[in-house]
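This report concerns the pockets of one protein model. Please consult the structure displayed here alongside the text.

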Amino acid sequence: MAEASEEPPPEVEPLAAARERSSRFLSGLELLKQGAEARLYRGHFLGRAAVVKHRFPKGYRHPVLETRLSRRRTVQEARALLRCRRAGISAPVVFFVDYASNCLYMEEIEGSVTVRDYIRSSLKAERAPQIFYALAKAVGQVLARMHDEDLIHGDLTTSNMLLKPPVDQLNIVLVDFGLSFVSGLPEDKGVDLYVLEKAFLSTHPNTEAVFEAILKSYSTFSKKSKPVLKKLDEVRLRGRKRSMVG
């Protein structure tokens, strides 16, 4: 009986080598944060300030499912960023997509702050209410443009919106499109807004009027807002019913 070969299949070896090279490169970068699905690094790529989003393998998933899911989300995010930029919506430039290790190399928005931190610092400094309504107008406008392109973010929070310097000019950059997808359905857009509403009001208590200003701006700038906002009301009602049932 012939001895079993200990050499890996020919397609496995290049993939393993590519992942090893990626791992060595990432080890020289600064780890910014780690979530359940990915790690975010800061460094330089081809001489440019960059952030790298690495979807690391999850041991609790079947290897085949893990490979397919991580690759799909990496591709979706890269395509969403490109779709935003083609539509004139501010989003990081995609430098490179490493499919072997599921790494997305993107432009770093240097000097930016999250909308979450901007709101918190403004509340702490007791800034005039007008600044919050100006911010609401800017947020509503960028979300209207995104939805009019039939792009669903999937994880809208004030942490996934950045303000480019100078921050008081309120130039918003959308980030973290890992759960994004393309859909023209008002239902999907309404759910997107509902996710933001829940996150917004839980992160920033007593700001209901500011969120309503976001929706007013959305209605003003979106060409398709009427059915979307109607669906948002329906989603809210379903959410309240679930809360009552428990």
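The model is predicted: local features need pLDDT of at least 70, side-chain atom pairs count only at pLDDT 80 or more, and totals for chains, interfaces and linings use all residues. Residues are numbered from 1 along each chain as its sequence is written, and side-chain values use heavy atoms, without hydrogens and water.

A pocket is an open set of points on a 1 Å grid over the protein atoms alone where a 1.4 Å probe fits, with protein on both sides within 12 Å along at least five of seven lines; lining residues have an atom within 4 Å of a point. Volume is the space filled by probe spheres set on the points.

| Pocket | Volume | Lining by class |
|---|---|---|
| Largest | about 960 Å³ | 13 nonpolar, nine polar, 15 charged residues |

Asp, Glu, Lys and Arg count as charged, Ala, Val, Leu, Ile, Met, Phe, Trp, Tyr, Cys and Pro as nonpolar, and the others, Gly among them, as polar.

The second largest pocket is lined by 19 residues, with Arg-19, Pro-57, Glu-66, Thr-67 and Asn-102 closest to its centre. Helix 2 provides the largest share of this lining, five residues; helices are DSSP runs (H or I, at least four residues).

Because domain 1 (22–107) and domain 2 (113–240) both contribute lining residues, the largest pocket lies between them. The domain bounds come from an automatic or database domain assignment.

Key:
Helices (H or I, at least four residues) and strands (E, at least two) are DSSP runs, numbered from the N terminus.
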